Amino acid sequence: MSIPHVLVTGGATGIGLAITQHLLSKGMRVSVCSRRPEPLAAVAELGAQVLRWDLTQTDGLVKEFAPLTHLVHCAGNDNNAPIGSWHRSAFQDTLALHAVATAMLMQDWATQAPLGGCFVGVASTLGRRSAPGKAAYAAAKAAMLSICQSGAMELAPQGLRVNAVLPGVVETEMTRKPRSPGADIDAQLAALAALHPLGRLGSTSEVAVAVAYLLEAQWTTGAELVVDGGLSL
Ligand SMILES: NC(=O)c1ccc[n+]([C@@H]2O[C@H](COP(=O)([O-])OP(=O)(O)OC[C@H]3O[C@@H](n4cnc5c(N)ncnc54)[C@H](OP(=O)(O)O)[C@@H]3O)[C@@H](O)[C@H]2O)c1
């Protein structure tokens with residue numbers, strides 16, 4: 001049996017890096033794309049194939065890595081803007097990266113994926129219920145979930161699977177950004193942790209385990225796997 005080849009977008013930092021490390025530890029072949037050269041160089045040292053790519057545009061990306069067994073779309077940006085500070089370009093970029101890229105990558109992956117292959121969208125609990133300041137991000141993650149549902153239905157007859165994972169708040173570069181000028185990051189993270197019934201933030205490796213499960217669970221498609229310390233309860 002050939003070794004599964006997985007492309008992890010945004011797989012050089014945060015949750016994506018944990019996914020890359022976990023899949024490499026399971027003996028999979030892993031490729032990674034994102035924009036900054038330093039994290040990509042570090043992940044290449046771990047054994048991943050890497051390519052610099054801005055995922056607001058996806059034409060030709062799957063061809064660079066094909067044949068791919070699985071694709072995990074994890075690249076994302078955070079967009080904190082309350083109404084009054086909404087900008088057309090911020091909505092367009094956020095939707096391009098999370099939603100349009102999901103659709104286009106899934107389409108290209110499906111043309112070459114083998115039976116049993118799986119596409120995983122790294123969404124968010126905010127894709128089900130928004131929060132103040134999160135309009136663009138939540139809309140983009142909601143669209144990602146909807147596109148994953150459509151893809152799961154349309155690709156099942158080909159034996160291809162599409163799933164999503166919905167993390168609560170996980171401590172990464174993204175969540176360590178100050179939400180307001182001069183904010184105390186530790187206080188900000190403690191306040192976020194307190195929202196989770198399990199009383200803490202998630203770890204990147206906890207999300208990675210969920211993604212690996214979805215890649216391997218051959219009778220699972222159209223799933224929205226919530227990994228959120230009870231945040232959605
Ligand atoms: N942390 C959380 O609490 C949380 C919760 C729910 C969902 N998520 C989702 O989990 C995913 C990973 O987030 P994270 O928390 O691990 O944050 P992160 O460390 O900032 O990771 C985001 C990754 O996406 C890449 N990226 C961003 N914009 C890109 C672009 N235009 N083209 C290519 N790559 C791009 C970044 O690399 P470059 O900047 O080098 O391109 C980075 O590696 C995101 O989709 C996020 O929405 C996170």
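Where is the place of L126?

Figure 1. L126 sits in the loop between strand 5 and helix 5; helices (H or I, at least four residues) and strands (E, at least two) are DSSP runs, numbered from the N terminus. The model is predicted: local features need pLDDT of at least 70, side-chain atom pairs count only at pLDDT 80 or more, and totals for chains, interfaces and linings use all residues. Residue numbers start from 1 along each chain as its sequence is written. L126 counts as buried because it has 20 C-beta neighbours inside 10 Å. A residue is buried if 20 or more other C-beta atoms lie within 10 Å of its own, exposed if 12 or fewer, and partly exposed in between, with C-beta atoms placed from the backbone. Leaving aside residues up to four places away in sequence, L126 touches A131, K134, Y137, A138 and K141; contact requires that the C-beta atoms of two residues, placed from the backbone, lie within 7 Å. G168 is 42 residues from L126 along the chain, and their C-alpha atoms are separated by 8.2 Å.

**Figure 2. The whole chain.** Seven helices and seven strands make up the elements of the chain. Their order from the N terminus is β-α-β-α-β-α-β-α-β-α-β-α-α-β. The radius of gyration is 17 Å, close to the 17 Å that the globule rule gives for 233 residues, so the chain is as compact as a globular protein of that length. The radius is taken over C-alpha atoms, and the globule rule is 2.2 Å times the number of residues to the power 0.38. Along the principal axes, the C-alpha atoms fill a box of roughly 50 × 35 × 35 Å. Buried residues account for 42% of the 233 residues. Of the contacts with a separation of 6 or more, 71% are between residues 24 or more positions apart.

**Figure 3. Helix 7 and what covers it.** Helix 7 (residues 204–216) has 13 residues, which at 1.5 Å a residue should span 18 Å; its end C-alpha atoms are 19 Å apart, which agrees. The expected span is 1.5 Å times one less than the number of residues. Its buried residues are V207, A208, A210, V211, A212, L214 and L215. An α-helix has 3.6 residues a turn, so residues three or four places apart point the same way. The cover over the buried residues of helix 7 includes strand 1 (5–9), helix 1 (14–25), strand 4 (70–73), strand 5 (118–122), strand 6 (161–167) and strand 7 (224–227).

**Figure 4. The shell around the ligand.** Among the 28 residues around the ligand, G10, G14, R35, R36 and G76 come nearest; a residue is near a molecule or strand if its C-beta atom, placed from the backbone, lies within 6 Å of it. Helix 1 gives the most to this shell, with three residues. By class, the shell holds 13 nonpolar, 11 polar and four charged residues. Ala, Val, Leu, Ile, Met, Phe, Trp, Tyr, Cys and Pro count as nonpolar, Asp, Glu, Lys and Arg as charged, and the others, Gly among them, as polar. The ligand lies between domain 1 (5–167 + 203–226) and domain 2 (171–201), because both give residues to its shell.

Figure 5. The domain assignment gives domain 1 (5–167 + 203–226) and domain 2 (171–201), with bounds from an automatic or database domain assignment. Taken over C-alpha atoms, the domain centres are separated by 23 Å. Six residues from domain 1 and five residues from domain 2 form the contact. On the side of domain 1 that touches domain 2 there are one nonpolar, four polar and one charged residues.

Figure 6. The peptide bond from A66 to P67 is cis, with omega near 5°. P67 belongs to the loop between helix 3 (61–65) and strand 4. Most residues other than glycine have a negative phi, and most peptide bonds are trans.

Figure 7. D184 is in the loop between strand 6 and helix 6 (185–194) and counts as exposed, with 11 C-beta neighbours inside 10 Å. D184 and T172 are 12 residues apart in sequence, and 16 Å separate them in space, C-alpha to C-alpha. P157 lies in the loop between helix 5 (135–155) and strand 6; having 7 C-beta neighbours inside 10 Å, P157 also counts as exposed.
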